[in-house]
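Trainee: Could we go through this model together? I would like to begin with helix packing.

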Amino acid sequence: MYVFKKRGNLKVYDKILRQIGLHALYLTKDIDMGNTVIQHVLNLFNYECTTLIAIGLHYHYIELSFLKHGSQVVEKLLGGDNKTVLFSLLFIVIEILKCDKDTLVRLAKDEYGNGVLRKTLEIAKLHRNDLFGDLVEKLKPFLDRLRGSSLGNNIAAIIDPAIETVKDQIVSEGNA
């Protein structure tokens with residue numbers, strides 16, 4: 001890829017990036033080379049390619065979150081610039097909100113899934129309070145089950161202050 005960029009053939013370079021973006025799901029699941037290519041391309045912070053990768057992985061974020069290399073790709077999608085982060089964040093949150101309770105608890109307690117869920121919560125809290133609130137509401141019924149494991153405690157530690165803030169707001173509104 002760099003050969004085309006160094007020689008000034010940016011049309012070929014852009015076509016390669018576009019093809020990588022279009023085949024993101026296949027490449028992400030290939031742990032030998034494809035996943036490495038996807039992670040490398042995400043580090044380039046190319047908006048069009050990152051967007052194509054985010055779209056290509058849509059409906060597969062939860063599945064990928066349980067895999068070591070797949071979770072790395074999902075976390076990298078949440079680590080780009082603001083435009084691409086928000087785009088990826090929206091897709092990931094939608095999938096988490098559609099999860100059934102067993103999958104959600106399993107994701108929170110999974111070695112790799114926990115990292116994805118934790119990063120999603122942190123990025124949502126930083127950029128979109130509405131999405132963060134939706135995630136908190138989805139996870140709130142499972143807090144007791146999450147507190148029973150070391151990985152689940154990470155998620156509970158992010159959610160608990162948000163729940164306390166809401167309780168404080170309700171109490172202060174009731175006293176007003």
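Trainee: Which residues of α8 meet α11?

Mentor: This is a predicted model. In it, Leu89, Leu90, Val93, Ile96 and Leu97 of α8 meet Leu131, Asp134, Leu135 and Lys138 of α11. By class, the residues of this contact comprise seven nonpolar, no polar and two charged.

Trainee: At what angle do the two helices pack, and how far apart are their axes?

Mentor: Helix α8, residues 82-98, and helix α11, residues 129-139, pack at about 20° with axes 10 Å apart. Angles under 35 degrees count as roughly parallel, and α8 and α11 are therefore roughly parallel to each other.

Trainee: Is the crossing left-handed or right-handed?

Mentor: The crossing of α8 past α11 is left-handed.

Trainee: Changing topic, how many disulfides does a search of the whole structure find?

Mentor: The search finds zero disulfides.

Trainee: And Cys49, why does that residue count as buried?

Mentor: Cys49 has 1% relative accessibility, and buried means under 20%, so Cys49 counts as buried.

Trainee: What about Cys99, buried or exposed?

Mentor: Cys99 is buried, its relative accessible area being 9%.

Trainee: What share of the protein is buried overall?

Mentor: Of the 176 residues in the protein, 41% are buried.

Trainee: How many helices and strands are there?

Mentor: The protein has 13 helices and zero strands.

Trainee: Lastly, what share of the contacts joins residues at least 24 apart?

Mentor: Counting contacts between residues at least 6 apart in sequence, 67% join residues at least 24 apart.

How values were computed: Residues are numbered from 1 along each chain as its sequence is written. This is a predicted model: local features need pLDDT of at least 70, side-chain atom pairs count only at pLDDT 80 or more; totals for chains, interfaces and linings use all residues. Side-chain values use heavy atoms; hydrogens and water are left out. A disulfide is a pair of cysteine sulfur atoms within 2.5 Å. Buried means under 20% relative accessible area, exposed over 50%, partly exposed in between (1.4 Å probe, protein chains only). Axes are lines fitted to C-alpha atoms, for helices over the stretch in contact, and angles run from 0 to 180 degrees between N-to-C directions. Helices (H or I, at least four residues) and strands (E, at least two) are DSSP runs, numbered from the N terminus. Angles under 35 degrees count as roughly parallel, over 145 as roughly antiparallel, 65 to 115 as roughly perpendicular and the rest as oblique. A crossing is left-handed if the near helix is turned anticlockwise from the far one by less than a right angle, and right-handed if clockwise. Contact means heavy atoms within 4.5 Å. Ala, Val, Leu, Ile, Met, Phe, Trp, Tyr, Cys and Pro count as nonpolar, Asp, Glu, Lys and Arg as charged, and the others, Gly among them, as polar.
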